[in-house]
Structure formats: C-alpha cells, structure tokens
Amino acid sequence: MTNLSRRGLLKAGAAAGVLTATGAVAGGHGPKRGGTAKIGLAGANTSDSWDGRTHSDSYMIVTAHGCVFDCLTEVAADGTLVGELAESWEASADAKTWTFKLRQGVTFHNGKPFSADDVIESLNLHTAEGAKSAAKPIVSAITEMKKMDDHTIEFTLAAGNADFPFLLSDYHILMYPAGQIEEAIANGIGTGLYKVETFEPGVRTIVSRVDSHYKDGSAGWFDSIEFTAINDSTARMNALMTGQIDAANRVDFKTEPLMRANPNITIFEVTGNQHYTFPMLTNVSPFDDMAVRKALKHAINRQEMVDKILLGHGAVGNDHPIGPANQYFASDIAQNSYDPDMAKKILADAGLSDVSVQLSASDAAFTGAVDAAQLYQASAKEAGINIEVVQEPADGYWSNVWLKKPWCACYWSGRATEDWMFSTAYETGVPWNDTQWENARFQELLLQGRAELDTTKRSEIYTEMQMIMSEEGGTVVPMYANYVDAHSNKLANSGTIGNLWQMDSSRIAERWWMA
Amino acid sequence: MQRLGLGLLTLLVVSIVIFVAVNALPGDFAQAILGQGATPEAVAAFREDLGLNRPYLTRYFEWLAGAVRFDFGTAYSQAQFAEFAGSDAGSGLGSVAEMLGPRFRNTIFLAGLTALIAVPFSITIGVLAALYRNSVFDRVANISTLTSISSPEFFLAYILILFLAVINPILPVLSLVNDEMALTERIRMTLLPALTLTLVVTAHMMRMTRAAIINLLASPYIEMARLKGISPMRVIVRHALPNALAPIINVIALNLAYLITGVVVVEVVFVYPGIGQLFVDSVKNRDIPVVQACCLIFAAAYILLNLMADILSILSNPRLRHPK
C-alpha cells in the first residue's frame, strides 16, 4: 500500500470518524462469548492505581475506563454519545441545569447497588481539597448536585454548557461505590463488565467477566482478559508476532511494514484528536506581528512532516486544535499550505525582511520534535525566514520551556469536545494558554457556543472558531498523529474502531471478541 | 569480622554516593509526574507534600536511619496514591520494601537459574580448554565466548529470540513469571533471559578457569604428577583445579553480582518483572526512594558476594586457612 492510498483511506475514514481495518471483520461472524484475550500495552507504570484522577496513560485508561469501571456516559465507536451508567439526560433551555436519570439494577463488583449517592461522592473526589485531578475543571463547574431520588440527579452548572453530558464520559470521572471509595480504589471495585482478579502495578492485570451486566448482549464478550504491561516497543511487537499476546498498542512506525506483511497480524489505525503543535507567545516580538505568524504558517511543509516524522501515520493539521474525533471538526475550511513565495510576500507587504526566530524543541514534546524543528528550519529558509533550532533538555521541558520560551514544540492529546479543547488552551487568560493569544471574536464565539444547545448553530460557531484560529491564531499545527495499534487473527471486532484514544477508544476489552 | 566491618563501611560510603548522585539527577518526581501540568505552583505543592524541599542532610539521615531497619520509606508513586485515597489502608502498596520484595525474588530466581547453567558450563569448558589448549576446541571456545561477551546484551537477546522464539517457537518471547506459576513453567518462561545472561558471563569465568589452570600446569608438582603417569584429565581435575579455585571463585562471585545488578537491559527486553525493570521505571519517574533502595541492594549484593568469595577462597586454600 503506498503512502498516498493509505492517506486517502485515512481521510475518508477520518471524515466519518471511523476507520475500517482491512479484514477485521472475521467472515461475517457476529460477536460470541468466551475465551481469554491477552493484551499487551505500553503506557504502564509502577505508580499505577485504580484512582481515576491519576490516570493519564494508555494502560490504566484501557483497564479502568474501558474495562473495570464505568462512567455516566460513553462515546460509542461511531462518535455518538450514549448512556453508560446514565440512562437518559435532559437540559434546561440555558443548558445550566441538567437532569440525569440513572440506570436501575446496576451493582458494583462487591454487590453494592449503584445509586445517585455514588455519583455525587465520585464526582466530589475531583474537587476534594488537595486533589490533583485533571477532571477538576469539569467537576468544579458544577455548583450544585441535587439527589432527586435514588436514580435521578439534578446538576446545576455555574454557566450553561451544552457539552456537559459529553464531558462526563471523560476517563477520569469513574464511578466508585459511595462510602467505600478507598477500598474500591485499592482493589478496583467498579460497575464494569470485568472485575479485577489480579493487579500488579506496572506488571499485569487479570480480569474476569461478571455474571450478568447491563451491557449483556451488546458488549463484554471475553470470559477473561490478561493485560500485560510491555513498555518496550520491540518486546511488544515480538510478543504479538509470536502469538504470546493477541493485541498490542502503539505499533512502532519503523517496524510497521514488517507487521503488515505478517498474515496473522492486522494493523488498525485511526486519526483522532492527538496533534503536535508549535505554539508562539503572541505577546512576544516578533510573534506579536500577525504577518510573522501568517508567514510562518506558510513556511512549513506539513505533508513532508507527516511523511518523515510520522512515516505517513498521520494527517496534516490546519493550525487549529480540533481533530477528526471531534463532533464539529471542520474538514472543509481553507488549508494553510506550504507556499514560500506567499510567505515572502506576506512579510514584504508588512515591510519585514530577514526574520530570524528561535524554535525550542526536545523529544519530550513529541517523538521526533527536534527532527520536525529541523525540517521546519529547512522549509522556512526557502521563504527567507531563519529559524534557529534550540535543542532543549528533555528533563523539565514542560516546566522550563513550554509556556516560557517564545516558540517551542508541544503536543496535545486533544479533547473530546471543541469547547473543552479551546477553553483549556486558547481561551483568554487560562493558565495553559500557550500562545497568550487574545481574540475578541473568538472569545465571544467560545462563550456563545458553550451554552448553545442547537447543533446546527454550534456547528457554525465552531467552524468559524476553527477558521479564526487557523488564520490568526498563534499556534502552528503541522499534523495529527494516528493511533496505530495491531491485533492478531485470534481477535475480531465490528469493523468500527473508535478514534478518541488508542485501542478502539480504549474499549477493546468491551467491544471485541475471539474470532 | 574485620572484613564484615569493612563491608559495612563500604556500604555506608556507597549510600552517600547514591544519595548525592540520585539527587543530582536533573528534574524531580514532581516534574516527572506532572508532565505538561508542571506549573510552578503545582510543582511546589508536590515538593511540599513529599518533603522534597527539606535540606539534603536531613533527608539523607532520615533515609539512612530507615534503611538500616530495612525500612526504605514510601515510594513517591505510592505516596501520591495514599494521598489521593486518604490513606493507604488495606491497599498493601505502601512501602518501598513491599514493592521491591516480589521483584527482588524474581531477580534472584533469574540469577540463580543463570548461575546453575553458567557456572558448571563455563568451568567445564574452561577445564576442557586447558586440557586441549591450542587445539581447535580451545580456539572455538575462546572465539565464541569472546564474541558473545563483546556483543551488547540486547543484541544477544534478540539473536536468541530470533532463533528460539520466532523461527523455532520453542520458548516464549516475554518472560511473564508470577508467583502462582508451576516451577517447570516458570523455568521455561525464564530460560531465554537466563540463556542470554549465560552468554554474557560465560567468557569471563571460562577464560579465568583456563588461565588459572594453565598457569599451574607449569608448576613442579604438576610435572611430578605427570611423571607418575596420571592421565592429563586427572592431573587437571584432581591436582590443578583445587589450587586454581581461589581466582575462579572470585570471578564467579563478580559475575554473580553482575547477574543481580546488570540485568536491567535483559529484564527490559524480556519484560521480566524483576528489580531491573522497576529500577528503570523508577529512574524515569524520579521515584527517588525506590531508586535509592535499588542502588543500595545492588551495592549490598556486590559487597556480600565479594565477601563470600574472600571467605571461600580462604577456605579453599589450606595455607590461608591455617596461618602460621
């Protein structure tokens, strides 16, 4: 398969939010119960625990969020939002008050029935004193949680937020049994399809299927699953090739062709929201000059970076942070392209010549960041811009370089909703605004879109925001990096692979079955 | 007794070196764990929680006082966990010692299995090479062991994986051992890393055996034995080997220590849940208490094995055993 056709396939697949892995659907057989799946995962740590607030890497996201625990809502493989522990929800007209109906008859693995108290206590974990939860901004936006009855909760938000149910699908916001949270975190007691048999942090996790579950018939096909922590990429690929495991995440791009040539192995690859960026501090000269920013956006060869840094496993970015896994991803707005002449012209029109800038990079930002910076240097030279690549130490990169140096390399795993992504890093005045960019219209649209429930209007709002960022914003987004995972022919799936996270949006344990 | 005292003194010096070196690492746990979220305030709060902002000396003596009682403190990674959960009641994940325990047993198992294979193997080869010195066998033995010791461990590991796991699927690529496993299964799982390590340590022991024996073969008493008409094999095994034991034991001890401390790469390649992997993870996370405990264990293993080698070589030498 040439790069070109793979990319074509990706684009088509990405537009629909999904990618059909070739030969993944085993001869029309539907899902069936039984068997033990062996899954090898990178992204494990000896510091792993069942505390959702600490989760940040693939291993715990797959085993907790996608296996042992449930959230209130779930993003289905096709990108739509469905209820998980919540059955239904409705909002007031201003999107400020949300009423959630919870599923009845659900029990935790220790037999405790699930009810509204569990939701309230689990959510309060994130705002507890001293808690360092990544989901804190989501939960602290709730001003009041009112238990209407055992299975109904009313949330009042500080400001209207149409994405609220979407946000509750976040992998940090797991549901624990009220009054037993400590025990639940220590032993992994959730409401998920699988209960924990063995958990050795950074080594392995064994789970077994619960006898009956509200997802019976739609998910949870394996009898048991063995997760093995394999951070070493060669070891992970070897284990998959020799059949010691049935699926692995993060395929090494360099050995991907060898894996592809193995008839027993299928690579599944999706373009999600994960993207790399080069943020410029727009309050620092010369980046405060819009002409410089525009010229730099036309002085980068995005396709070359996808081909050389990601070896084709990605898609070109368009200088805004919204990706194909977002609901309102605007794939049809004008693409910022590599055009040295245009960049020269923009600078000349602004009366600038001999622009020299420093670009700080380290592989801590993303794998290949330094190489990417050097490619940028070469392509910008054509446009008469001198980029000096400053190689920074990987240690302390996020404390000493990012948000500090005027221009650096960075990555974002993306966010499930447009509002969340924008308000994390591009809203005026937020701590992670890594461009210090301020734009009145953008800010106005952001607040407008947040409280708007009408999807057509939201689509228009977010499309305009993506256009504004792409044209005037302070960050250069060269590419989206694909999630590239692989499985052997022992496993089968529906053919629809989620693109929010690695491993079928980290739901491989629930959605897949033995072939 | 004096040796033991010296050993302890060495350990103390090593502990200082470890502490200084580990604290000289750039970045710290707060930065490593917070990643992109490492704002100055968050880092400061984290350091405060973990007591990282207290003076070095205080921290060193606290750590030392604990280490003497085999209390290596709480791993930062698990301290963080405890803080999140309110306490670590019932989690059984509290202390570094508990984290290290199972890992250390696994590493000892691997080292033991390797020693069981490597020591008899290399001494036999060494003796045979001395017996048939300068023959084709001697040359082949020398060349092959020197080649294997000169290759990086991960390269040897991948070669073995290629031949024993990929082309001929006899052994598993990953050494996923656990405590519930039957011994035979466990040995099968551990065989590939053990063989890799065997290739790494054989040359040293084998060549020392060969050299020590050949050295002795020139002595008058060997000539005497030969004149008596004893077979060459018997001359070497019965007369030369006992006198060559001291240097051989020393080399074996050094290599055994290496098996415990030098397994980092091999454990990572085979995903063997031993102390080496824990060490790598902890260095990556800047989980200082675990790193320090690992270093201390490595140092103690070296010192202890050297001590044992000294004692054994004294025992094997009648002149040292009965000093005038």
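Two strands count as paired when DSSP finds at least two bridges between them. The model shown in these views is predicted.

**View 1. Hairpin of strand 8 and strand 9 in chain A.** Strand 8 (residues 194–200) of chain A and strand 9 (residues 204–209) of chain A run antiparallel and are joined by 6 bridges. Across this pairing, Thr198(A) stands opposite Ile206(A), a residue of strand 9 of chain A. The hairpin has 3 residues between its strands. Gly202(A) in this hairpin takes a positive phi, near 75 degrees.

View 2. Most residues other than glycine have a negative phi, and most peptide bonds are trans. Pro286(A) sits in the loop that runs between strand 12 (265–279) and helix 9 (290–297) of chain A.

**View 3. Asp319(A), with a positive phi.** Asp319(A) is a residue other than glycine, and its phi is near 65 degrees. The residue lies in the loop between strand 13 (314–316) and helix 11 (340–349) of chain A. Asp319(A) counts as buried because it has 25 C-beta neighbours inside 10 Å, the cut-off for a buried residue being 20 or more.

View 4. With 28 other C-beta atoms within 10 Å, Asp504(A) is buried.

**View 5. Glu382(A) in helix 12 of chain A.** Helix 12 covers residues 369–382 of chain A, and Glu382(A) is placed in this helix. Glu382(A) has 15 C-beta neighbours inside 10 Å and therefore counts as partly exposed. In sequence, Glu382(A) and Ile508(A) are 126 residues apart. In space, their C-alpha atoms are 46 Å apart.

**View 6. Helix 6 packed with helix 9 in chain B.** Chain B has 15 helices and 0 strands. Of its 324 residues, 40% count as buried. Among contacts in chain B between residues at least 6 apart in sequence, 71% join residues at least 24 apart. Helix 6 (residues 96–131) of chain B packs with helix 9 (residues 183–217) of chain B at an angle of about 35 degrees, and the two axes are 6 Å apart. The crossing of helix 6 and helix 9 of chain B is right-handed. The residues of this contact divide into 21 nonpolar, 7 polar and 1 charged.

**View 7. Helix 11 packed with helix 14 in chain B.** The axes of helix 11 (residues 232–261) and helix 14 (residues 288–315) of chain B are 9 Å apart, and the angle between the two helices is about 165 degrees. Helix 11 of chain B is therefore roughly antiparallel to helix 14 of chain B, since angles over 145 degrees fall in that class. Their crossing is right-handed. On the side of helix 11 of chain B, the residues in contact include Leu245(B), Ile249(B), Asn250(B), Ala253(B), Leu256(B) and Ile260(B). Among the residues they meet in helix 14 of chain B are Phe298(B), Tyr302(B), Leu305(B), Asn306(B), Met308(B) and Leu312(B). The contact of helix 11 with helix 14 of chain B has 14 nonpolar residues, 4 polar and no charged.

Definitions and conventions. Residues numbered from 1 in each chain as written. Chains lettered and ligands numbered in written order. Predicted model: local features only at pLDDT ≥ 70, side-chain atom pairs only at ≥ 80, totals over all residues. Axes fitted to C-alpha atoms, helices over the stretch in contact; angles between N-to-C directions. Helix = DSSP H or I, 4+ residues; strand = E, 2+ residues; numbered from the N terminus. Left-handed = near helix turned anticlockwise from the far one by under 90°. Nonpolar A, V, L, I, M, F, W, Y, C, P; charged D, E, K, R; others polar. Buried ≥ 20, exposed ≤ 12 C-beta atoms within 10 Å, placed from the backbone. Parallel < 35°, antiparallel > 145°, perpendicular 65-115°, else oblique. Contact = placed C-beta atoms within 7 Å.
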